[in-house]
Amino acid sequence: MMLLAFEIVAYFKSWHIGTSDLQKLMAFSSSFGVHDAFDSVYASWVRFRVEYIAPVLQFLADACVILFLIQSADRLIMCLGCFWIKFKRIKPVMKENQDLEAGGNDFPMVLIQMPMCNEKEVYQQSIAAVCNLDWPRTNMLVQVLDDSDDLITQVLIKDEVEKWKQTGVQIIYRHRVIRDGYKAGNLKSAMHCSYVKDYEFVCIFDADFQPTPDFLKRTVPHFKDNEDLGLVQARWSFVNKDENLLTRLQNINLCFHFEVEQQVNGVFLNFFGFNGTAGVWRIKALEDSGGWLERTTVEDMDIAVRAHLKGWKFIFLNDVECQCEVPESYEAYRKQQHRWHSGPMQLFRLCLPDIIKSKGIHFYFLLFQGVSFLLVGLDLIGEQIE
C-alpha cells in the first residue's frame with residue numbers, strides 16, 4: 001500500500017524516471033546508504049504490478065467495456081421497439097364483454113390484497129380508493145394484510161377497515177404476529193386462507209397506491225378467452241413527481257422503465273418483470289408457478305420469472321395508470337434502490353439452473369436479463385462507493 005501511495009504521488013508530481021525530481025529522490029536515498037535497497041524494492045514492486053495487478057485490472061476494464069456495449073445494444077433495441085409500437089399504434093386489445101359493459105352478472109370473482117407495514121400516512125386514502133372500485137361488491141373481497149408492529153397504526157388501520165365494512169364492502173383485516181418473509185411471507189400467508197379457492201383472480205396494491213374506480217374493468221376483461229394469460233400489469237403514475245429534483249429524475253427513469261422496457265417486452269415477448277403492485281394475477285398461474293417465495297427481496301420478479309418458465313403470458317397496459325409516490329429523500333431512495341438492485345442479482349443466481357434447462361426464447365432472453373441484473377448491480381456498487 002505504501003508503494004501504491006508512492007506511485008500515486010509520483011504520478012501527480014510528475015516524478016517520472018529520468019527527471020530531476022526522481023534523481024533528487026534517488027540521491028537523497030543514496031546519502032543514507034539505501035540506494036540499492038530502494039532500487040530492489042521498487043523493481044520488485046514494478047514486476048509484481050506487471051505480472052499480477054495489471055492483468056486483473058485489464059480484465060475488469062475489458063469486462064466493463066463489454067457489459068457497457070451489451071447495455072447500449074439493449075437500450076437501442078428497446079428504443080427501436082418502442083418507436084415501432086408508437087408508429088404502428090400497437091396495444092393490447094381486450095375482447096368485448098357485453099355482459100360486463102351492461103352491468104350483467106359476468107363479473108369474475110376478484111380478491112384484492114393490500115400488503116402494508118406501518119403505513120400510517122397513506123393507509124386511509126389507499127383503502128378508500130380500493131373500496132371505491134367499480135366492481136360488484138359480492139364479487140370482490142379486500143384483504144388488508146397489515147404487518148405493522150406499531151400498536152397505534154394497527155388500531156387505526158383496523159378501525160378504517162371496520163368503517164368500510166359497515167358500508168357493505170367485503171373487507172377483512174389480517175395481522176401477523178411473526179413477520180416471516182416480509183411482503184412475500186405476508187402474501188403467501190393470505191393465499192392460504194380457505195376462502196381464496198372461491199376467487200379466480202387476485203389484484204395487489206401496495207399501501208401507497210390509489211387505483212382509479214375503473215381499474216378492474218380495464219384490466220380483468222383481458223383474461224377472457226385467454227387461458228394462457230397469467231398477469232395484467234398497469235403503469236405507475238406519481239403524484240409527487242414535481243416535489244424536488246430527486247423526484248423529477250426518478251419520474252424520468254421510471255417513465256423509461258414503463259414506457260420502453262415493460263411495454264416493449266410485453267408486446268414482443270409477452271414477458272416482463274412484475275412490478276409487485278398495480279397488477280392482476282390469475283390465481284391458477286400463481287399456484288402453478290409455486291406461489292410466493294421468501295428467498296429474495298424481489299418476490300415480484302421471482303414469481304414472474306417462474307411463471308414465464310411455466311409458459312404463462314403477460315400483458316402490460318401502458319394506458320392504465322395507478323397513482324403512487326416516489327421517495328422524496330435520498331436516504332429513502334437509496335434503500336429502495338439497494339433492494340431493487342441487489343435482489344435481481346440474487347434471483348438470477350437462484351434461477352440460473354432453471355433458465356439453463358429451459359428451451360428456446362426462455363433461455364436466451366432470461367440469460368440476457370441476467371446480464372442486465374449484473375449491470376444494475378455494478379451500477380449500485382458504484383453508487384454506494386460515491
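Biologist: Why are W84 and F87 separated by about one helical turn?

Modeller: Because they stand three residues apart in helix α3 (residues 35-88). Helices (H or I, at least four residues) and strands (E, at least two) are DSSP runs, numbered from the N terminus. This is a predicted model, in which local features need pLDDT of at least 70 and side-chain atom pairs count only at pLDDT 80 or more, while totals for chains, interfaces and linings use all residues. Residues are numbered from 1 along each chain as its sequence is written, and side-chain values use heavy atoms, with hydrogens and water left out.

Biologist: How many aromatic pairs are there?

Modeller: Rings of Phe, Tyr and Trp (its six-membered ring) pair if their centres lie within 6.5 Å; planes under 30 degrees apart count as stacked, over 60 as edge-to-face and the rest as tilted. The count here comes to 14 aromatic pairs. The rings of W84 and F87 have centres 6.1 Å apart and planes at 40°, so this pair is tilted.

Biologist: Which of the two, W84 or F87, is exposed, and which is partly exposed?

Modeller: Buried means under 20% relative accessible area, exposed over 50%, and partly exposed in between (1.4 Å probe, protein chains only). W84, with a relative accessible area of 40%, is partly exposed, and F87, at 54%, is exposed. Take next F107 and W135: their ring centres are 4.9 Å apart and the planes lie at 90°, so the pair is edge-to-face. That pair links distant parts of the chain, 28 residues apart: F107 is in the loop between α4 (98-101) and β1 (110-116), and W135 in the loop between α5 (123-131) and β2 (140-146). Both F107 and W135 are buried.

Biologist: Which way do the residues of β1 point?

Modeller: In a regular strand the side chains alternate between the two faces of the sheet. From β1, V110, I112, M114 and M116 point one way, and L111, Q113 and P115 the other; all are buried.

Biologist: Which residues have the most contacts inside the largest nonpolar core?

Modeller: In soluble globular proteins, nonpolar side chains tend to be buried together. A nonpolar core is a set of buried Ala, Val, Leu, Ile, Met, Phe, Trp, Tyr and Cys residues joined through side-chain atoms within 4.5 Å. The largest has 79 residues, and those with the most contacts inside it are I112, I127, F215, L216 and W281. β7 gives the most to this core, with seven residues. Another core, of five residues, lies apart from it and includes M78, C82, V260 and V264.

Biologist: Is N318 buried or exposed?

Modeller: N318, found in strand β7 (residues 313-324), counts as buried because its relative accessibility is 15%. A polar contact is a pair of N or O atoms within 3.5 Å; within protein, one must be able to donate a hydrogen and the other to accept it, and residues adjacent in sequence count only if both atoms are side-chain atoms. The N318 side chain makes such contacts with the side chains of R235 (2.9 Å) and E259 (3.2 Å).
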